[in-house]
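Please look over the protein shown here.

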Amino acid sequence: MKKRKLLSFLLVFATAVALSAGGSSSKAAEETTAEETEAEAEAGSDRYLVWRLSAEPKLWDPTNNSESISDAIVKQLFEGLTVSTADGFKPGMAENWDVSEDGKTYTFHLRKDGKWSDGDPVTAKDFEYSWRRICDPSFASEALQAMTDYVVGAQEYFDGTGSYDDIKATAIDDYTFEVVLKNVTPYFPQLVANDVYLPIKKDVVEAAGEGWEKNPETCVSNGPFMLEEYQVGSHFLFKKNPNYYDADSVKLAGVKAVIITDDNTAYQAYQAGEVDVMDHLPSEQIPQIVAEDPNVIVSADTGARFMNFNVDKAPTDNLHVRKAISYAIDRKQIVEQVLKDGSIPASGFIAPTCQKTDGSSFRIMESDGYPAEEYGINPRQANVEAAKEELAEAGYPDGKDFPALEITYANNDRDKKTSEAIQQMLEDNLGITVTLRAEESSVFTSTKNNGDYQMATGGWTNSPYDASGLIKLFYSQNGNNTPQWRWKDYSGAPHDKTLNPGSEAFDIAFDKALASQGADRDAAWVEAEQALMADMPVTPLYYPSYVAVVNEDQVEDVELTASNTFMFKVASVIE
């Protein structure tokens, strides 16, 4: 794996290098990392691979997950019909599948040697239960749209106009799982490798109730590893699952995932040989790491980073305020002077990694590797005059009498520095004062979903590379619509009573895209982005790069998927 994955639009990173050359993790937990990992190293082949987590996840129930850090955990413990790989996906619990002539019905044939970690067989009934559970209105899963966008009967059951039995995700027999889609979806086999489509075991989940996945006794899984231990604020232990159908390929005794929130502390542990695998590197050291560390991995991340505006709270309920703030941000400064990691300043929301139907990119880069100016956003500098005009239109000329404004961000190095930079830009370019509030990851997720903020950092990775996986966040019936941008009520967000008419055009374009193919589909995604940017509930900041390190003097065969998730199934510790 000693390689660098560089997409063409990241070539600008080489120039940058040349020019520059939530959970509450306790301090005590970080300080004990060295002695704990040293003890494990002495155990030789029984040593667990040590993987750094940058925050504590809120949960890792596959059917209710919306955090990338939880996704990474889930994929070590559970396996879906297909499995994410460095090249895309491969068969997992499904040995093969058939597709109907109209392209809407998938029949997955499950392997007969699949077992849960408690030894029971994994059957099609487990997938039926998991997929339908997401649609239960009383469950109100944040992953709801994974089903309602695609599966016949899913939206109707959630809305109360259809029945549970009418959800067309059905166990035909113990090893045949049939899914009927609303629209032709060629990338569906890749889609179902994602976390929310993974199976869970009904009897255990319903007996244990909420939080079942946090207890090793009830976290019954079907992947290469199983939960051995979880200590809040400290670490996870994942041990090899002896009942996994391909256990012979699993060489590790287990994985220790240590929660270290400070990037510098984590990287020091990596340098000392106490951490084997990590991402979220300290931003100020990234140029040097990329230039000097032979174990570095650089890849285009598959999504976007952005700033959420709460469209239901003053002053960001004013479109002119949102536009003023958006135009006043210098995105080039953020990526080149703050992040310095090869990220690309954004002018639109759909990322360059999102592909049109013919495989080409939705966002073509110009000669300097940056996108063109769009939607009033200049990716190369702040558009100060336009920003001031918008602020004056909102009733605050030169920032006079502008009310209190706060940016809330996840307590990590990247978001902290980005928020501080934007805070200074808004003061310098608009004359407004902004305060900052940091929250631990799990708290921050709830804060955004509940709309308890004015401005908040945000980001989303996207797998597969279809535009729907990224832009779906702003659909009115999505629990992750953190700007609270909805033109109609959504039962999954009962707190959101303020409706926003501008969101309707987005929903119409989104539905049109899902129901279309070819050039019509591509055009509908652009239409959806235009509706989003016209009302600007978010402003795009940058298309992120992904930088990580794997200590190949200590471990080998760690796989990084196309969507930048580590997989440890075939990894091993070098003795």
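The report moves from the whole chain to single residues.

## Basis

This is a predicted model, in which local features need pLDDT of at least 70, side-chain atom pairs count only at pLDDT 80 or more, and totals for chains, interfaces and linings use all residues. Residues are numbered from 1 along each chain as its sequence is written, and side-chain values use heavy atoms, with hydrogens and water left out.

## Overall build

The protein has 19 helices and 23 strands. Helices (H or I, at least four residues) and strands (E, at least two) are DSSP runs, numbered from the N terminus. The radius of gyration is 23 Å, close to the 25 Å that the globule rule gives for 575 residues, so the protein is as compact as a globular protein of that length. That radius is taken over C-alpha atoms, and the rule is 2.2 Å times the number of residues to the power 0.38.

The C-alpha trace spans about 70 × 60 × 40 Å along its principal axes. Of the 575 residues, 60% count as buried. Buried means under 20% relative accessible area, exposed over 50%, and partly exposed in between (1.4 Å probe, protein chains only).

## Nonpolar cores

A nonpolar core is a set of buried Ala, Val, Leu, Ile, Met, Phe, Trp, Tyr and Cys residues joined through side-chain atoms within 4.5 Å. The largest one has 77 residues. Trp51, Trp131, Phe566 and Phe568 have the most contacts inside it. Apart from it lies another core, of 64 residues, including Val311 and Leu532.

What does Trp131 contact, leaving aside its neighbours within four places in sequence? Its partners include Leu81, Met147, Phe177, Phe188 and Tyr197. Contact means heavy atoms within 4.5 Å.

## A cavity

The second largest cavity holds about 40 Å³ of space. A cavity is a set of points, on a 1 Å grid over the protein atoms alone, where a 1.4 Å probe fits but cannot get out; lining residues have an atom within 4 Å of a point. Grid points are joined across faces, edges and corners, and a volume is the space filled by probe spheres set on the points.

Among the lining residues are Lys58, Leu59, Glu142 and Thr445. By class, the lining has one nonpolar, four polar and three charged residues. Ala, Val, Leu, Ile, Met, Phe, Trp, Tyr, Cys and Pro count as nonpolar, Asp, Glu, Lys and Arg as charged, and the others, Gly among them, as polar.

Ser419 lies in helix 15 (residues 413-430). Thr418 lies in helix 15 too. Ser419 is buried, at 0% relative accessible area; Thr418 is buried, at 2%.

Residues up to four places away in sequence are not counted here. Ser419 touches Ile407, Tyr409, Leu436 and Thr457. Thr418 touches Ile334, Val338, Leu339, Leu541 and Tyr542.

## Backbone in the loops

Most residues other than glycine have a negative phi, and most peptide bonds are trans. His280 has a positive phi, near 55°. His280 sits in the loop between strand 11 (277-279) and helix 11 (286-292) and is partly exposed, at 29%. Met536 also has a positive phi, near 50°. Its loop runs between helix 19 (518-535) and strand 18 (538-543). Met536 is buried, at 1% relative accessibility.

A cis peptide bond joins Ala314 and Pro315, with omega about 0°. Pro315 is in the loop between strand 13 (303-309) and helix 12 (319-328).

Notes
On a 1 Å grid over the protein atoms alone, a cavity is a set of points where a 1.4 Å probe fits but cannot get out, and a pocket is an open set with protein on both sides within 12 Å along at least five of seven lines; lining residues have an atom within 4 Å of a point.
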